[in-house]
Amino acid sequence: MTQDGYNAMADLYATTIPTTYQFPIEAHAVAAFVELAKECDGVTADVGCGLGHVTADLVARGLDAIGCDPSAGMLDHARRKYPELRFIEDDATLTMWPEDAGIAAIIARFSLIHVEPAQVADVLEVWSARLTKGAPVLIAFQTSFEPGAPIPFDHAVAPAWRWHPDEFSRILGAHGFAEDWRIVYRDSSYRFPMANLLARRT
């Protein structure tokens, strides 16, 4: 799951997205996730960490977190800005994740949108196998308006799909997770609604 588009756009992203969260509700969702992750032993994986802003926030909030991203260009920025943090060049399948680094929780903010829908189940199977019962996962994504199959959309960097929250919850439930809560929100500055969905390993 390489991301050549993000390699090419890394410098632009670093310039245009200097903050951790674009909307205040996102910070609240992450704070709620952190409180659950603190109850679990191990490292929190920030999947699709990009520039490393969220990884840094997780650590500042008291978690032992590692960021992973398939874009070497994005990770270069992350490592220069946050030299004290740990980053791994890896994708959502966690293939390069150290076997001895137990995963306590997973956060994936606007990264699974780039995984082809048919492969999302494979990703969730990997996560289910690496997590223990009760471990939280927080997934953020652009949403579709009507229930049903994911819808491709014209993302500026890489192929991407919008999911209806009900459909994402369904596929989570089919692969070892149960939804705890969701936040669906829309800002006038962005064309689609967005969701943060929190689930736990069953």
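Q: Hi! Which side chain meets R86 in a salt bridge?
A: That would be D64, at 2.2 Å from N to O. A salt bridge here is a side-chain nitrogen of Lys or Arg within 4 Å of a carboxyl oxygen of Asp or Glu.

Q: Before we go on, what kind of model is this?
A: It is a predicted model, where local features need pLDDT of at least 70, side-chain atom pairs count only at pLDDT 80 or more, and totals for chains, interfaces and linings use all residues. Residues are numbered from 1 along each chain as its sequence is written, and side-chain values use heavy atoms, leaving out hydrogens and water.

Q: How accessible is R86?
A: R86 is partly exposed at 41% relative accessibility, and D64 is partly exposed at 39%. Buried means under 20% relative accessible area, exposed over 50%, and partly exposed in between (1.4 Å probe, protein chains only).

Q: How many salt bridges does the structure hold?
A: There are 10. One of them joins D76 and R80 at 2.9 Å, N to O. Both lie in helix 4 (residues 72–81), 4 residues apart, about one turn of the helix. R80 is exposed at 52%, while D76 is partly exposed at 39%.

Q: Which residues are linked in a network of salt bridges?
A: D166, E179 and R182. Within it, the side chains of E179 and R182 meet at 2.8 Å, N to O.

Q: New topic: what is the strand order in the open sheet?
A: The 7 strands run 3-2-1-4-5-9-8, with mixed pairing. Strand 3 (86–89) and strand 8 (177–185) are at the edges with a single partner strand each, so one side of each has no neighbour in the sheet. Two strands pair if DSSP finds at least two bridges between them.

Q: In which sense do strand 1 and strand 2 pair?
A: Strand 1 (residues 43–47) and strand 2 (residues 65–69) are parallel, over 4 bridges. For instance, T44 has A65 as its bridge partner in strand 2.

Q: And the chain overall, how many helices and strands are there?
A: The chain has 6 helices and 9 strands, and 54% of its 202 residues are buried.

Methods:
Helix = DSSP H or I, 4+ residues; strand = E, 2+ residues; numbered from the N terminus.
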